[in-house]
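Please consult the sequence and the structure while reading.

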Amino acid sequence: MNLADKKQLFDAFFTLPFNVKINLEVLDDSAELTEANLEAEIPYPFRLATELSRLDAHNAFMSKGQQLSSDVARVLEVQNKKIDLMLSYLLMQEDKQKHRYVTDRFGAGGLTLTTEQNWQIGDKFKLKIFMPEEACAVYCYAEIIAEKDADSGKNFDVVYSVIRDEDREILVRMALHQQSKQLRQIALERANQPNEKE
């Protein structure tokens, strides 16, 4: 895949202003970013997070239209919360301070961040994305496809160059959920503004 293809992949999904905690670990130029290599090295907590997220989405779909008693719903909610807490603890062990960054923009095709690192277009990374409020995390390979100067360093566009389909779906759901929350917040702020015509 050439640089133009990678930029097209990045642009194929919308990004939104959102701060997400990530780890970026630089890989050698010679590193082969293949699906087989990715599949072989994904840490178990990320596999678990993906599977639980997939099951949650499936259960939400299946339970639509089904009325559960309030007691059963409460028990299921508590059990789900316990699982989320244990998963969050496991994922915390994967978050390495020396590789930690926070995104400026986030989407299902890539992300943007600002840092003082002297990275260049084509640099490759192992990428860990942590979203504890969504009880999920994603592990994939990524690559810098654009850079520009910023007030506090450089601004980099990073594309997810090798990612499992199920993880891409999780990122799509996460991005849509965050966009929905942001739109609701904007609508709420507008509704609370005094009417200028009065």
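In which strand does T112 lie? The model, which is predicted, places T112 in strand β4, covering residues 110-115. The points below set out this residue's surroundings, then the overall fold, the nonpolar cores and the aromatic pairs.

**Surroundings of T112**
- T112 has a relative accessible area of 7%, and because buried means under 20%, this residue counts as buried.
- Beyond its neighbours within four places in sequence, T112 is in contact with F10, with T103, D104 and R105, and with N155, F156 and D157.

**Overall fold**
- The protein chain contains five helices and seven strands.
- Read from the N terminus, the order of these elements is α-β-β-α-α-α-β-β-β-β-β-α.
- Of the contacts between residues at least 6 apart in sequence, 75% join residues at least 24 apart.
- Buried residues make up 36% of the 198 residues in the protein chain.
- The protein chain exposes about 12300 Å², of which carbon and sulfur atoms supply 51%.

**Nonpolar cores**
- The largest nonpolar core has 28 residues, and the members touching the most other members are F106, L127, I129, Y160 and L171.
- At least two residues of this core come from each of β2 (21-27), β3 (100-107), β4, β5 (124-131), β6 (136-150), β7 (153-162) and α5 (165-192).
- Strand β6 gives the most to this core, namely five residues.
- Not counting residues up to four places away in sequence, I129 touches V20, K21, I22, F46, F106, C136, A137, V138, Y160 and L171.
- Another core, of 13 residues, lies apart from the largest one and includes L27, A49, L91 and Y139.

**Aromatic pairs**
- The whole structure holds six aromatic pairs.
- One of them joins W119 and F125, with 4.8 Å centre to centre and 65° between the planes.
- Why does the pair of W119 and F125 count as edge-to-face? The angle between the planes is 65°, and planes over 60 degrees apart are classed as edge-to-face, so this pair falls in that class.
- Both partners count as buried because each lies under 20% relative accessible area: W119 is at 6% and F125 is at 0%.
- Ring pairs link W119 and F125 with Y101 and F156 into a cluster.
- F156, a member of that cluster, is also among the residues in contact with T112.

Terms used. Residues numbered from 1 in each chain as written. Predicted model: local features only at pLDDT ≥ 70, side-chain atom pairs only at ≥ 80, totals over all residues. Heavy atoms only, no water. Phe/Tyr/Trp six-rings, centres within 6.5 Å; stacked < 30°, edge-to-face > 60°. Buried < 20%, exposed > 50% of the residue type's maximum accessible area, 1.4 Å probe, protein only. Helix = DSSP H or I, 4+ residues; strand = E, 2+ residues; numbered from the N terminus. Contact = heavy atoms within 4.5 Å. Core = buried A, V, L, I, M, F, W, Y, C linked by side-chain atoms within 4.5 Å. Areas by Shrake-Rupley, 256 points an atom, 1.4 Å probe, with all protein chains shown as cover.
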